[in-house]
Each structure stands twice: as structure tokens, then as C-alpha cells.
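Dear colleague,

Please find below the structure that I am handing over to you. My findings follow it, and I would be grateful if you would read them with the coordinates open.

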Amino acid sequence: KKHKPPPASPLQNICSRDECSAKQQAACRALLPCGHQCGGIADEHDHLPCLRCPSTAVPQLCGQTGEDVCNICFVESLQQAPCIQLRCGHVFHHHCILTKL
């Protein structure tokens, strides 16, 4: 019986800072049908649409892509940290939403 290797970490080549390690631990490890890593959070049931494929930029993501900055922190792009999508369709970093609520 072959054992499946554990899923690769979605955030590769990160520094050893606690903040970066926390983002890596919180990141979803699922692969989307397009082959890209999910940009969402670990253990989610419904995955985000792909933040990297231009064909999925609208309407599911309100025109957002992974290169857009988070509209809460205005510091990092969406693809630099695990994200969640609100019911309205907008995507924000998960940790940014938690700090605002």
C-alpha cells in the first residue's frame, strides 16, 4: 500500500519570523481544479476561487486577483497570506478580518 506524501505547504520559502510561520500554519493546503494552491485558510470546506487565474477574477472575486493588496492592511497582496471571502464576494486576509472584528 502506497502512502500519500503530506500536502506541501502552500507558502514556500518563508522566513522564520513568528508572523510568517503563523501564516504558513493557517494556509489551506488544497489544490484547486486549475492546479494552483488554494489561497484560503486551513480546514475550510468551501475553497476560494483561484486568485491566480485571470479567468476567475470576475464575478466570484469582485474583480480581485492575488496581486491586489488587501483593502484592510494595504500592505501585502492577497496572495501573500491566507484569505477569506465575505458573502458580498470581496476577499481579505484572514488575519486582517480578525483584527477588524
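A residue is called buried when its relative accessible area is under 20%, exposed when it is over 50%, and partly exposed in between (1.4 Å probe, protein chains only). This is a predicted model, in which local features need pLDDT of at least 70 and side-chain atom pairs count only at pLDDT 80 or more, while totals for chains, interfaces and linings use all residues. Residues are numbered from 1 along each chain as its sequence is written, and side-chain values use heavy atoms, with hydrogens and water left out.

Salt bridges

A salt bridge here is a side-chain nitrogen of Lys or Arg within 4 Å of a carboxyl oxygen of Asp or Glu. The whole structure contains three of them. Arg-17 pairs with Glu-19, with an N to O distance of 2.7 Å. Glu-19 counts as partly exposed because its relative accessibility is 41%. Glu-19 also forms a salt bridge with Lys-23, where the closest N and O atoms are 3.4 Å apart. Both Glu-19 and Lys-23 belong to helix α1 (residues 18-26), and they are four residues apart, about one turn of the helix. Helices (H or I, at least four residues) and strands (E, at least two) are DSSP runs, numbered from the N terminus.

Lys-23 has a relative accessibility of 8% and therefore counts as buried. Its other partner is Glu-76, at 2.7 Å between the closest N and O atoms. This pair links distant parts of the chain, since Glu-76 sits in the loop between α1 and β1 (83-85), 53 residues from Lys-23 in helix α1. Glu-76 is buried, as is Lys-23. Through shared partners, the salt bridges join Arg-17, Glu-19, Lys-23 and Glu-76 into one network.

Cysteines

With a disulfide taken as a pair of cysteine sulfur atoms within 2.5 Å, the count is zero. For Cys-70, the nearest cysteine sulfur is that of Cys-96, 3.8 Å away. Cys-70 counts as buried because its relative accessibility is 0%. For Cys-83, which is likewise in no disulfide, the nearest cysteine sulfur is that of Cys-70, at 6.9 Å. The relative accessibility of Cys-83 is 0%, so this residue counts as buried.

Nonpolar cores

A nonpolar core is a set of buried Ala, Val, Leu, Ile, Met, Phe, Trp, Tyr and Cys residues joined through side-chain atoms within 4.5 Å. The largest has 12 residues, including Cys-70, Cys-83, Phe-92, Cys-96 and Ile-97. Two or more of its residues come from each of β1, β2 (91-93) and α2 (94-100). Ile-97 is in contact (heavy atoms within 4.5 Å) with Ile-72, Ile-84, Leu-86 and Phe-92, leaving aside its neighbours within four places in sequence.

His-93

Which strand holds His-93? His-93 lies in strand β2. Its relative accessible area is 0%, and it is therefore buried. The side chain of His-93 reaches the backbone oxygen of Ser-77 at 2.8 Å. With neighbours within four places in sequence left aside, the residues in contact with His-93 include Cys-70, Glu-76, Ser-77 and Cys-83.

With kind regards

Note on methods. A polar contact is a pair of N or O atoms within 3.5 Å; within protein, one must be able to donate a hydrogen and the other to accept it, and residues adjacent in sequence count only if both atoms are side-chain atoms.
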